[in-house]
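Reader: I'm new to this one. Could you walk me through it?

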Amino acid sequence: MPFTIIRDDISRVPADAVVNAANTRLQYGSGVCGAIFEGAGVRDMQAACGAIGSCPTGRAVITPGFRLPARYVIHTAGPVWSGGRCGEEELLRGCYRNSLALALEYGLKSIAFPLISAGIYGYPKKEALEVAVSEFRSFLEGQEMDIYLVLYDRKAMDIGNRLKSSVR
Ligand code: ADP
């Protein structure tokens, strides 16, 4: 089962879980994080994240989705891009792997990812997409899950369309 690339606002996607491009302090922020907190209800999401406390870069934690169409939010802290020689790729792979492992642990059937780290954190979009695609492919070799990669801006979508034709 291949994964699916869509263009949408991730806070509107009705998957079992949507993934938040979180910060390590699990605090309300901008971009994906802002959309997810606002869709869920900022107060409820802040309380749930506050109870967990923090999330190291490359790891993932889970909360309810509250008022989102998604039942759960998996929060993962992507690496900040600092040139590519500081372990960014392995950390980004960890975001996808650990989020998918949590989804399996919770028995989820569908999950929607944003392009983690490719916004404010500065990871080049093409490389970020390649990491996402390769992690989805290796996960789907051994497991069944409906995986959606939710792209937002045109540049990411153009690169995604080119990649899609090579993975389908
Ligand atoms: P990070 O801090 O990990 O870089 P961002 O939220 O800044 O995360 O951006 C990650 C990617 O998600 C970027 O490509 C950005 O264009 C995209 N994005 C921003 N808002 C949304 C949204 N509401 N839904 C889906 N993708 C989004």
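Reader: How do the residues of the shell around the ligand divide into nonpolar, polar and charged?

Author: This is a predicted model, where local features need pLDDT of at least 70 and side-chain atom pairs count only at pLDDT 80 or more, while totals for chains, interfaces and linings use all residues. Residues are numbered from 1 along each chain as its sequence is written, and side-chain values use heavy atoms, with hydrogens and water left out. Gly counts as polar here, and Tyr as nonpolar. The shell splits into nine nonpolar, three polar and four charged.

Reader: Which residues around the ligand come nearest?

Author: Being near takes a heavy atom within 4 Å. There are 16 residues around the ligand, and those that come nearest are Ile 10, Val 32, Ser 117, Gly 119 and Ile 120.

Reader: How much of the ligand does the protein bury?

Author: Start with an oxygen atom of the ligand that is 2.8 Å from a polar backbone atom of Val 32. Likewise, a ligand oxygen lies 2.9 Å from a polar backbone atom of Tyr 121. Taken alone, the ligand exposes 560 Å² (Shrake-Rupley method, 1.4 Å probe), and the protein buries 91% of that.

Reader: Where in the protein chain is confidence lowest?

Author: pLDDT is the predictor's confidence in each residue, from 0 to 100, and the chain's mean is 95. Confidence is highest in strand β4 (residues 72-77; strands are DSSP E runs of at least two residues), at 99. Where pLDDT is low, the predicted coordinates should not be read in detail. The lowest mean, 78, belongs to helix α5 (residues 154-167; helices are DSSP H or I runs of at least four residues).

Key: Polar contact = N/O pair within 3.5 Å; in protein donor to acceptor, adjacent residues only side chain to side chain.
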